[in-house]
Amino acid sequence: MKTDFNKFMLERLGGAPSAPKLLLHSCCAPCSSHCLSVLAPLADVTVFYFNPNIYPQKEYEKRKSEQIRFLKETGWASFLDCLYDPQEFFSAAKGLEGEPEGGARCYACYKLRLDFTARIAREQGFDYFCSTLSVSPHKNSAWLNAIGEELQEKYSVSWLYSDFKKQNGYLRSVQLANEYGLYRQNYC
């Protein structure tokens, strides 16, 4: 039987005596929209924008500015930025350039971004870390949750198991992106 990560997430956050501090890795504003609509009432959320996989820098900056604009308009979370260094992604993906979309290169990219998110969550005293990546039907939530589980042990900060695509999460993210006029990119 498959684990219902979405149910697990809601039970974990809903049972907290006070709003836990959550560091939410975000790939873009459209994907974060549904995730934040679910999380903001349950947690004190900070969106962490770490995406060295986005290239070129002009595209990275465009997506980042959309994320910031969305957060200002909704007030659903604060924003934490970091330096943009695509070499981090190129190093993580070295030797995996020929892998198909959704394969080993994607796994390495998930791990790169979640590892840094977990490290920052521990350093800054967050209760949980999580990612918006599972909202996409193209992203493997089982991999994301397995990586998160491994990293919570490594960094001693709790991973918030999730699968934001459940209960029409992806469709809701598309609706919210349209409602807020968010830029939707056509590649990861």
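Colleague: In this structure, four bridges join strand 2 (residues 44-49) to strand 3. What makes these two strands a pair?

Modeller: Two strands pair if DSSP finds at least two bridges between them. Strand 2 and strand 3 have four bridges, so they count as a pair. They run parallel, and in strand 3 the bridge partner of F48 is L80. Before we go on, note that this is a predicted model, where local features need pLDDT of at least 70 and side-chain atom pairs count only at pLDDT 80 or more, while totals for chains, interfaces and linings use all residues. Residues are numbered from 1 along each chain as its sequence is written, and side-chain values use heavy atoms, with hydrogens and water left out.

Colleague: Why do strand 1 and strand 2 count as paired too?

Modeller: The count is five bridges in the parallel sense. One example is L23, whose bridge partner in strand 2 is T46. As for the names, helices (H or I, at least four residues) and strands (E, at least two) are DSSP runs, numbered from the N terminus.

Colleague: What is the strand order of the whole sheet, and why are strand 3 and strand 5 said to stand at the edges?

Modeller: The open sheet has five strands in the order 3-2-1-4-5, with parallel pairing. Strand 3 (78-81) and strand 5 (158-159) each have a single partner strand, so one side of each is left without a neighbour in the sheet.

Colleague: What makes you say that strand 2 is mostly covered?

Modeller: Five of its six residues are buried, and buried means under 20% relative accessible area (exposed is over 50%, partly exposed in between, with a 1.4 Å probe and protein chains only).

Colleague: Which helices lie across the strands?

Modeller: Helix 3 (residues 57-74) lies across strand 2 and strand 3, at about 155° to strand 3. Helix 5 (residues 104-123) lies across strand 1, strand 2, strand 3, strand 4 and strand 5, at about 155° to strand 4. The axes are lines fitted to C-alpha atoms, for helices over the stretch in contact, and angles run from 0 to 180 degrees between N-to-C directions.

Colleague: Why is T132 called buried?

Modeller: T132 has a relative accessible area of 0%, so it is called buried. T132 sits in the loop between strand 4 and helix 6 (141-155). Leaving aside neighbours within four places in sequence, T132 is in contact (heavy atoms within 4.5 Å) with residues including L24, H25 and C35.

Colleague: And how do you know whether Q152 is buried or exposed?

Modeller: Q152, in helix 6, has 15% relative accessibility, so it counts as buried. Among the residues that Q152 touches, not counting those up to four places away in sequence, are F129, W159 and Y161.

Colleague: Why is P41 called exposed?

Modeller: P41 has a relative accessible area of 64%, so the label is exposed. P41 is in the loop between helix 2 (29-39) and strand 2.

Colleague: What makes S156 and N168 worth a look?

Modeller: Most residues other than glycine have a negative phi, and most peptide bonds are trans. S156 has phi near 55°, a positive value, and N168 has phi near 60°, also positive. S156 lies in the loop between helix 6 and strand 5, and its relative accessible area of 63% makes it exposed. N168 lies in the loop between strand 5 and helix 7 (169-180), and at 58% it counts as exposed.

Colleague: What kind of peptide bond joins Y55 and P56?

Modeller: The bond is cis, with omega about 0°. P56 is in the loop between strand 2 and helix 3.

Colleague: Which residues lie nearest the centre of the largest pocket?

Modeller: They are S136, K139, Q185, Y187 and C188, out of 20 lining residues. By class, the lining has nine nonpolar, six polar and five charged residues.

Colleague: Which helix gives the largest share of the lining of the second largest pocket?

Modeller: Helix 5 does, with five residues. The lining includes R105, C109 and R113.

How values were computed: 1 Å grid on protein atoms, 1.4 Å probe; cavity = no way out; pocket = protein on both sides within 12 Å on 5 of 7 lines; lining within 4 Å. Nonpolar A, V, L, I, M, F, W, Y, C, P; charged D, E, K, R; others polar.
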